[in-house]
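This briefing concerns a single protein chain.

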Amino acid sequence: FFSSHMATAHNGSPAHTIWEEAGLEASSSLLSLSPHDRRPLGTRSHYMVLVSLVLCLVGMLSWATSPVVTLFTAPSRDLIAAPRLISREPHSTLAPIHTGRRQQGHARRSVPRPWPLHAQGAAPGVEGDGSTAQGEGTGARAPEVIICGAGIIGASIAYYLTLKGLKPTVVDRSGVAAAAGGKGGGFLAGDWGSGVTDELHRKSFALHESLAKELNIESYRKITTLQVTGGVLPRPSTICSWLDGAIARTSIMDEGTAQVHPREYTNALMDAAIARGAKLMIGKVEGMETVEGEGGGTKVRAVVVDGQELPADKVVIAMGPWSVLAEDWLGLPVPMQGIWSTSVVYNHESTKRVAEEPYAMFCDEDDNGCHLEVYPRTTGEVYLCGIGGSQYMGPNELRRLSPEDIVPDPDRVAAAHRSFSEMSPSVGDQRPGVTQACMRPCLRDALPMMGLVPETDNAYIACGHNCWGILWAPITGLAMAELIADGRSTTVDLYPFRPERFGRPQPRPGARGRQQGSASVGEQW
């Protein structure tokens, strides 16, 4: 443009020639140059050059204030704080954020440790998926939901949230199904509820069956449950051929029960959630960064994981017995007791015959202090729990323990083997191949805690499912997903399980074991 003007001024060509050659005839009126003006350029040429400079300057200013430059000059909170989840490989890291943090309950200021978080589960081929996710068809950023805990409850919530279009990040210090969610018996009874738990039993039992079909969970099956009383003299059962030892009585307890391997269930739901965009992150949740929310309440701004912050729009605490830490982080009373119990698995050659004649069993208390619960699995293994000697951990003890600290009691393993080998010499002819222990989460009233944490805008909790955690996992996941995504649960009434109910709690001694309706079944604690 400048060279054209200079050339015209130099050789005295008419003004209209300049505009026509530039293809900008319409612009001539802006400079008051008539197409019929044939006078040579004089001082008008300098005026045109000056106007051109002004136009160029305006263009440069417009470019300088464009969003492209803003990305470099004023990065948003999402760009500088969101976790970088690149792939499902454990080598991806979250860049350390060097800020202090405060905690409600035990307020403290600490120096962050620049340790990497191992990230798993970003959608294949999507870098950083979730940190700037857009709402379905709205163009708005989807909420960043952080689920603390990758056990059976956390995995269920993650799965159902993805069905609602959200892509949560699940954080766990050890991995999927590392505690009770992977070591439980997997017994399912749809008609054993009573009062407020009746709906949980019935609806979750039905969900288990549909999930097994949808996700191809091979360990799920219907199974008949027996009531068994051990005897003194050799007297085989007339119902179950592999109860070929000292049996005093055998009767059918419930023909409508079922079972599932909790580890397979939990991994199946987590895998399905990851396939829909959820993420799994290995790291220890250490606290929560809070700010003042609407109406003077508390809002969780970030979850602190291994000294680093994960920005959060909504947070779910689903850490089993370790959900007691909500007291420290959010000031919520969580009267939690951990039930430290041992279990064993027989998996040698003799157990395979059980797969052809499966019966779940609840056994009366015997001379070894056991209330055996026997669960044959589709793999041919035989799982035993209810072997007595459980330890009871209070909130302060739970804070000091980690899942890795929960180890089996050798004395109770020996007691269980004595009891089972007396009832089934052909299957219990060898010692169990797997001995393990887990910590069941039990609240003071033996009911789960599910809902929005009171006095907070965006923190939720789901814990305290006791011995029914595996059965109630699907309905918990669905109801919590509805509450988080839609603002209320329409599947089940969560009021009886509201977190704020412990303002005036009334303990229920002796009502914390399994119940068939209102009758106690098996070991009570």
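The points below are grouped by topic.

The model is predicted, so local features need pLDDT of at least 70 and side-chain atom pairs count only at pLDDT 80 or more, whereas totals for chains, interfaces and linings use all residues. Residues are numbered from 1 along each chain as its sequence is written, and side-chain values use heavy atoms, with hydrogens and water left out.

**Overall composition**

- The chain has 13 helices and 21 strands; these are DSSP runs numbered from the N terminus (helices: H or I, at least four residues; strands: E, at least two).
- Of the 525 residues in the chain, 54% are buried; the classes are buried (under 20% relative accessible area), exposed (over 50%) and partly exposed (in between), with a 1.4 Å probe and protein chains only.
- Among contacts with a separation of 6 or more, 71% join residues 24 or more positions apart, a contact being heavy atoms within 4.5 Å.

**Packing of α8 and α13**

- The axes of helix α8 (residues 198–215) and helix α13 (residues 469–486) come within 8 Å and cross at roughly 90 degrees; axes are lines fitted to C-alpha atoms, for helices over the stretch in contact, and angles run from 0 to 180 degrees between N-to-C directions.
- The two helices α8 and α13 are therefore roughly perpendicular, on a scale where angles under 35 degrees count as roughly parallel, over 145 as roughly antiparallel, 65 to 115 as roughly perpendicular and the rest as oblique.
- Residues of α8 in this contact include Leu200, Phe205 and Leu211, and those of α13 include Ile470, Trp472 and Leu478.
- By class, the contact of α8 with α13 comprises 11 nonpolar, three polar and one charged residues; Ala, Val, Leu, Ile, Met, Phe, Trp, Tyr, Cys and Pro count as nonpolar, Asp, Glu, Lys and Arg as charged, and the others, Gly among them, as polar.

**Aromatic pairs**

- The whole structure contains 10 aromatic pairs, defined for rings of Phe, Tyr and Trp (its six-membered ring) with centres within 6.5 Å; planes under 30 degrees apart count as stacked, over 60 as edge-to-face and the rest as tilted.
- Phe187 and Tyr375 are stacked, at 5.5 Å centre to centre and with 20 degrees between the planes.
- This pair links distant parts of the chain, since Phe187 lies in strand β4 (residues 187–188) and Tyr375 in strand β14 (residues 373–376), 188 residues apart.
- Phe187 is buried at 3% relative accessibility, and Tyr375 is buried at 1%.
- Tyr346 and Phe420 form a tilted pair, at 5.1 Å centre to centre and with 40 degrees between the planes.
- Tyr346 belongs to strand β12 (residues 336–346) and Phe420 to helix α12 (residues 410–423), so the pair ties together parts that are 74 residues apart in sequence.
- Tyr346 is buried at 0% relative accessibility, and Phe420 is buried at 0%.
- Ring pairs join Phe187, Trp192, Phe362, Tyr375, Tyr383 and Trp468 into a cluster.

**Two serines in loops**

- Ser237 lies in the loop between β5 (221–230) and β6 (247–259) and is buried, with a relative accessible area of 12%.
- Leaving aside residues up to four places away in sequence, Ser237 touches Leu243, Ile247 and Thr250.
- A polar atom of the Ser237 side chain lies 3.0 Å from the backbone nitrogen of Ile239.
- Ser402 occupies the loop between α11 (395–400) and α12 and is buried at 11% relative accessibility.
- Leaving aside residues up to four places away in sequence, Ser402 touches Arg173 and Trp322.

Note on methods: Polar contact = N/O pair within 3.5 Å; in protein donor to acceptor, adjacent residues only side chain to side chain.
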